[in-house]
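Q: I would like to learn how to read a structure. Can we go through one feature at a time?

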Amino acid sequence: MDRNTASKFCRVELDKYNLKGWHVRITQDPNMSFLGLCMHNDKCIVINAFHTDIHPDDEVYNTIRHEIAHAIVGPGLGHGPMWETKAKEI
């Protein structure tokens, strides 16, 4: 998947779940080991550019949805029951 497509998909998902004020950032920092990251303080979903470049589209979409679930349930809940329920819904 190209980075622009990943960014646009993330923007659509943020809007779909009414996450106003949230934005998307693509990082090219090779030291970042994550595939995606939800930053509640910055209201930002960060996508690892290298992940989007080499992984199948379905994995990239799932990573974005995973981070959207974190954004919806809020900070401090990790991968607990609330997050898991929301992630399955998405």
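Q: In which helix does T63 lie?

A: This is a predicted model, in which local features need pLDDT of at least 70, side-chain atom pairs count only at pLDDT 80 or more, and totals for chains, interfaces and linings use all residues. Residues are numbered from 1 along each chain as its sequence is written, and side-chain values use heavy atoms, with hydrogens and water left out. Helices (H or I, at least four residues) and strands (E, at least two) are DSSP runs, numbered from the N terminus. T63 lies in helix α3, which covers residues 57–73.

Q: What is the order of helices and strands along the chain?

A: The chain has four helices and three strands, and their order in the sequence is α-β-β-β-α-α-α.

Q: Is T63 buried or exposed?

A: Buried means under 20% relative accessible area, exposed over 50%, and partly exposed in between (1.4 Å probe, protein chains only). T63 has a relative accessible area of 12%, so T63 is buried. Of the 90 residues in the chain, 36% are buried.

Q: Which residues does T63 touch, not counting residues up to four places away in sequence?

A: Contact means heavy atoms within 4.5 Å. With that exclusion, T63 touches L35, G36 and H51.

Q: Which backbone oxygen does the side chain of T63 reach?

A: The side chain of T63 reaches the backbone oxygen of E59, at 2.9 Å.

Q: What does the C-alpha trace of the chain span along its principal axes?

A: The C-alpha trace spans about 30 × 25 × 25 Å along those axes.

Notes: Polar contact = N/O pair within 3.5 Å; in protein donor to acceptor, adjacent residues only side chain to side chain.
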